[in-house]
Amino acid sequence: MIKIDENGFYGDFGGAYIPEMLYPNIEELKENYEQIMASESFKTEFDSLLKDYVGRPTPLFHAQRLSEKYGVKIYLKREDLCHTGAHKINNTVGQIILAKRLNKKRIIAETGAGQHGVATATVCALMGMECTVYMGAVDMERQKPNVERMRILGATVVPANSGSKTLKDATNEAMRQWINNPVDTHYIIGSVVGPHPYPEMVARFQSVISAEIKAQLLEKEGRDSPDIVIACVGGGSNAAGAFYHYYNDEKVRLVAVEAAGLGVTSGKSAATTQLGKPGILHGSKTLLMQTEDGQVVEPHSISAGLDYPGIGPVHAHLFASGRGEFLAVEDEDAMIAGIELSRLEGIIPAIESAHALSALNQLKYKASDIIVINLSGRGDKDLETYIKWGNY
Amino acid sequence: MAMNRIEELFKNKEGNILSIYFTAGFPSLNDTMGIMEAIEEAGADIIEIGIPYSDPVADGPTIQESNTVALNNGMTLKILFSQLAELRGKLKIPVILMGYLNPIVQYGMEEFCKKCEEVGVDGLIVPDLPMKQYLESYKGLFETYNLRNTFLISPQTSPDRIREIDRETDGFIYMVSSASITGAKKDVTPEQIAYFERVGDMGLKNPRLIGFGISDKASFSTAAKHAQGAIIGSAFINVLREAKELKKEINTFIKSIKA
Ligand SMILES: Cc1ncc(COP(=O)(O)O)c(C=O)c1O
């Protein structure tokens, strides 16, 4: 059973390891989020924005040529068709409504590739809220178009200049700014990471993905569960959303795909479950890439969205309990899978999502299986990386 | 519990207590000894040594940088303990280690506490250790190894929570001076003073030291009016970073605060 306990733990992982200065913020959220999310007016507003603004339900597409190539029936859950181009907006829509109901006036967020930053800037524009996004200085350089998208949407983008100047440092900076602005500001975390209740709250906003898969599969196949669900894992929000309603359906194999970077043993990797040990980062106990002395190690992946040294605590639990199967895909193989989908189905995937696609090459399955791959985002933001790679 | 230097200090001295923070391994790996001696000689009352960490979420730019430099210099808990083992006998001043939880749990909490007692550490401040977990898992260890534990409070901490923290703290309470990460600031505002007074009037059993943003004689004096004393961190790190002659400049800085 995947269940969160009263202290915010999934098995051994989770919790809220935060400085006392954040305790009131986290308590306020913890005391209120379930009640707010359970209210009819919240559900109505959330569902209507997902439908008319995000464009949900996203299609469940039978990818015939891809299916033929791999000799198995493959469906793609088209999160790439969400407004702003990735699943990230499911969560930001939910959290902005929540923030309004908590009477917050300002929003802060961290971002790596910029997808979550764009999704946050977007809903802030929609709701007329002030928005500041923290982004590693290195990522701002790598992801210029997304920086400008956020600015066009009216957000302020602030470089995080500490540490390695990437996602982990942007998250540190957002937490610091939340300490500095504890009363009027809500922090929209972009994945199933952070102190409790964030991991569960974000998973619930993303759970619309598997709720839709169930209904759509029932219609297409006469059964509501596939044999296998595959999703990529950075922090793990798209995977948590795609797995959510299948956690306790043991017949469904849950396959989480991490970024191996240049190879798991190359020293330039982000395959947290293979390289990490239990540790504490950004407020939760989880698997963490770290040195013997407990210093956090810099990950590497060609895809900025998977370039994170930890994973959400729910995934650490899926790994430790054996409920999830964890694979790692190298940069090169992800790029090949991205081009393959482009050629076979006319869909250019985000490089994060291409990791999930490439898992088909490693996975053992039966010809009679039905596989759902969560296509978490589209490749527009990655054009420059595709072009630089050049092998198409 | 056996007597402990932190307790003795607060028993013998009621006010104007000055605690000085620095990051172990900054500016150079082997400065620990010299800095500690200079702090004691200059007449400060407590030394708070920061264990460097890659991701110090409660710290502002100054201490972030000192952490990065210290890690690049190769500082680790093992090295820090061996430095402290050599020099602790020469100093009388209470010593507190301040560090984030992950390096400590990787070292092993019991081993860590044991080592702390061995090298003469008197107390701990672990900002991201939740009180609940402390009570359930670590309190017994801290007691076994005669370590006093300090929790933080901030202007947003509710009165009930402050009482709970007061119950479970056994050295002093660390009053974070404003809703803020660490970093040197200019003046103490009227809102801050109202918060100092509000907490001061609660009749807590523990003494209080005010920290974060205390940087010079003026802010120290204001803080010391509303609590038993104050902690200076970032401003001291700034002195260390710029110092040509460490000992002399530490002495000048601390004397200027105490004057
Ligand atoms: C398209 C896409 N997929 C996946 C991710 C990884 O995040 P998560 O693991 O939280 O789904 C990102 C993050 O930026 C993304 O943009």
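Mentor: Let's start with a term: a polar contact is a pair of N or O atoms within 3.5 Å; within protein, one must be able to donate a hydrogen and the other to accept it, and residues adjacent in sequence count only if both atoms are side-chain atoms. This is a predicted model, where local features need pLDDT of at least 70, side-chain atom pairs count only at pLDDT 80 or more, and totals for chains, interfaces and linings use all residues. Residues are numbered from 1 along each chain as its sequence is written, and side-chain values use heavy atoms, with hydrogens and water left out.

Trainee: Which part of His87(A) takes part, backbone or side chain?

Mentor: The side chain: one of its N or O atoms lies 3.0 Å from a ligand oxygen.

Trainee: How much of the ligand does the protein bury?

Mentor: Taken alone, the ligand exposes 390 Å² (Shrake-Rupley method, 1.4 Å probe), and the protein buries 97% of that.

Trainee: Why is the ligand said to lie between domain 1 and domain 2 of chain A?

Mentor: Because domain 1 (16-49 + 88-202) and domain 2 (55-85 + 207-389) both give residues to the shell around the ligand. Those bounds come from an automatic or database domain assignment.

Trainee: How many residues of the two domains are in contact?

Mentor: 33 residues of domain 1 of chain A contact 32 of domain 2 of chain A, contact meaning heavy atoms within 4.5 Å.

How values were computed
Chains are lettered from A and ligands numbered from 1 in the order in which they are written.
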